[in-house]
Amino acid sequence: MNVYPAGIDVEMHTFIQLVRRNALAAVVIGAALAAAVYFGSQRLPERFEATATLSIAPAEAGGGVAGVAFSAPRTDSSAYVIVAESQTAIAEALSRTDLTPIDTAAVKDAANGLRVSVSRGNDADLVNVTATGESPESAAGMANAMADVLIEWDRQRAESLLENAISALEATLGAEAGVVIGAAEEAARTQQFERYQALLALRGSATSSASYVSRAVPPLEPSFPRPLFFAVVAFITAFVAVLAAAVIRPAVADRFTTGLEAADYLEAPVVGEYLRRRTTEVDSKALRDAAAYTAANLIRTESTGMAGHVVTVASPRRSEQGPSFALGLAVAFADLGKRTVFIDSDLRNPVSFMNLPRKEKGVATLGEALRRGTSSFRPATLKKGITRLDIIQASVESDDATVLLARGMPGLIASISARYEFIVVNTTPLLEAADALSFIANSDDVIFLLDAEAVSRQDALVAARLIRNRRSEDFSIVYTSKARTSGRGRASRRRTKATRTQLGGWDVAPEKGTGLSDRSATERIGEAPKTPQTVVTKT
């Protein structure tokens with residue numbers, strides 16, 4: 001059973017519960033995927049990555065003349081990226097390596113494995129040339145070869161500018177030869193001639209403004225695949241995906257995820273909550289504990305000596321949990337020493353009570369009792385040790401079920417209320433027929449059995465409105481959903497070898513007469529006999 005503190009944030013609590021319930025599954029799935037990725041990636045071909053870094057220094061002032069060398073004026077660093085991506089530069093870089101022959105396919109592969117980037121700075125820019133190869137040596141060789149091509153390209157640019165400047169000055173000085181000029185023009189001509197002489201002295205000494213910061217060296221480990229990195233990414237991705245699916249799925253499926261969420265949505269208290277196994281086992285301990293807890297709460301809220309307290313268990317949609325919990329609640333009342341009768345009022349889909357003598361004189365079904373309009377019939381009585389539980393069985397009366405219940409059910413309850421302290425009624429699902437609406441208003445307590453696997457939020461809201469329209473008092477919610485684990489205990493597996501029938505979902509083993517097994521009732525108060533037996537009597 002869950003007890004929720006007051007003032008709790010429902011949405012946050014629901015999110016935390018979803019994470020807690022699915023964390024183990026997320027870890028297992030993430031670990032399995034990580035292992036598969038780790039071992040699978042080791043079979044991929046290895047690729048190595050090496051990087052060479054160039055520094056682009058600014059040109060010296062003075063028109064590009066710098067002592068004994070000439071460097072071209074600074075250009076935008078993006079030009080180096082454009083040059084490196086050209087097929088001519090790639091082919092030139094390949095020619096500087098040991099790769100032969102150099103064809104279109106080789107150039108394309110090299111282009112796919114080449115990456116050039118620029119890091120800008122205040123004083124100088126850095127050009128990073130990264131190459132990928134099948135071996136450490138080929139990757140480092142390609143990166144250094146492309147860096148050499150860029151340095152050579154910049155040197156050729158400087159040389160071209162130098163030759164162009166020399167040619168321009170020669171043309172200017174030749175045009176002015178033999179022309180009479182003034183003193184000012186003569187001084188300018190002298191300056192041009194001096195510059196021409198300086199450029200002639202620099203011819204053949206053009207240098208690149210790009211220089212190595214670091215040459216590429218063969219890497220010690222491959223850049224691809226990286227099994228450990230891939231495994232970590234796969235684990236995190238699977239873990240987050242499982243939790244995201246767990247959070248999104250209830251919203252998409254329009255289902256409740258916790259009892260607290262249902263209580264907040266329907267504005268009704270939760271008096272019981274239990275998880276059941278994936279395989280339907282209505283004799284599970286969780287259901288018995290929830291039924292016993294609910295029964296104990298209802299007993300504490302009632303004044304002593306009150307008789308004929310009617311508890312109706314209603315479900316929005318058909319689910320095996322509805323009649324199972326109703327019967328479990330009746331058994332819990334009986335185990336607590338209360339005179340109890342269980343009435344199955346679902347005349348469209350009755351609970352199966354096999355091996356009970358329906359044809360015995362005085363023992364009638366609910367349909368027969370309602371048509372007879374008298375209380376002279378006798379309910380079937382089950383005994384288990386000191387526990388007695390009377391049962392009024394239903395029979396298929398689908399043709400006139402609603403009218404039959406509306407006319408006879410209030411009178412039947414009134415006629416037997418003096419004999420029983422608690423009357424537990426299992427009803428037809430509220431959204432399938434209006435059978436229960438005729439007498440639900442006269443119930444002292446209504447238990448709204450909400451099976452999260454079978455009922456949507458909208459269905460639960462509509463059913464809740466039907467109940468509130470029929471009675472002034474509110475109802476209580478018992479929430480159930482499937483647990484994450486499944487399986488049957490040893491005792492349960494051993495019993496499957498014997499002939500078994502169903503008592504509304506509770507196991508009946510016909511060994512010596514009709515027997516109600518130990519696991520079919522809630523935990524008993526006090527000491528029970530070691531070999532309990534069930535007999536059918538008439539009261």
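**Entry 1: the cores**

I began with the largest nonpolar core, which holds 41 residues; Leu 266, Ile 343, Leu 366, Met 409, Ile 423, Phe 448 and Leu 450 touch the most other members. I then looked up where the core residues come from, and helix H12 (residues 401–416) gives the largest share, with seven residues. A reminder to myself that this is a predicted model.

I picked Ile 423 and listed its contacts, leaving aside neighbours within four places in sequence. My list reads Gly 308, His 309, Val 310, Val 311, Val 341, Ile 343, Ile 413, Ile 416 and Ser 417. I also found a second, separate core of 33 residues, with Ala 52, Tyr 80, Leu 114 and Ala 143 among them. In general, nonpolar side chains of soluble globular proteins tend to be buried together.

**Entry 2: helix H8**

Next I turned to H8. Is this helix mostly covered or mostly open? I found it mostly covered, with six of its eight residues buried. The buried ones are Gly 259, Leu 260, Glu 261, Ala 262, Ala 263 and Leu 266. I had already met Leu 266 in the largest nonpolar core. Stepping just past the helix, I noted that Glu 267 takes a positive phi of about 55 degrees.

**Entry 3: H8 against H13**

Two packed helices are described by the angle and the distance between their axes, so I looked up both. The axes of H8 (residues 259–266) and H13 (residues 457–470) come within 10 Å, and they cross at roughly 50 degrees. H8 is therefore oblique to H13. I noted the crossing of the two helices as right-handed.

Which residues make the contact? From H8 I wrote down Glu 261, Tyr 265 and Leu 266, and from H13 Arg 457, Ala 460, Leu 461, Ala 464 and Arg 468. Sorted by class, this contact has five nonpolar residues, three charged ones and no polar ones.

**Entry 4: Gln 321**

I was curious about Gln 321, which sits in helix H10 (residues 321–335). Is Gln 321 buried or exposed? Its relative accessibility is 4%, so Gln 321 counts as buried. Setting aside neighbours within four places in sequence, I found Gln 321 in contact with Tyr 274, Arg 276, Leu 287, Leu 449, Asp 451 and Thr 480.

**Entry 5: the whole chain**

Last, I stepped back. The protein chain has 14 helices and 18 strands, and 44% of its 539 residues count as buried. Among the chain's contacts with a separation of 6 or more, 80% join residues 24 or more positions apart.

Definitions and conventions
Residues are numbered from 1 along each chain as its sequence is written. This is a predicted model: local features need pLDDT of at least 70, side-chain atom pairs count only at pLDDT 80 or more; totals for chains, interfaces and linings use all residues. Side-chain values use heavy atoms; hydrogens and water are left out. Axes are lines fitted to C-alpha atoms, for helices over the stretch in contact, and angles run from 0 to 180 degrees between N-to-C directions. Helices (H or I, at least four residues) and strands (E, at least two) are DSSP runs, numbered from the N terminus. Angles under 35 degrees count as roughly parallel, over 145 as roughly antiparallel, 65 to 115 as roughly perpendicular and the rest as oblique. A crossing is left-handed if the near helix is turned anticlockwise from the far one by less than a right angle, and right-handed if clockwise. Contact means heavy atoms within 4.5 Å. Ala, Val, Leu, Ile, Met, Phe, Trp, Tyr, Cys and Pro count as nonpolar, Asp, Glu, Lys and Arg as charged, and the others, Gly among them, as polar. A nonpolar core is a set of buried Ala, Val, Leu, Ile, Met, Phe, Trp, Tyr and Cys residues joined through side-chain atoms within 4.5 Å. Buried means under 20% relative accessible area, exposed over 50%, partly exposed in between (1.4 Å probe, protein chains only).
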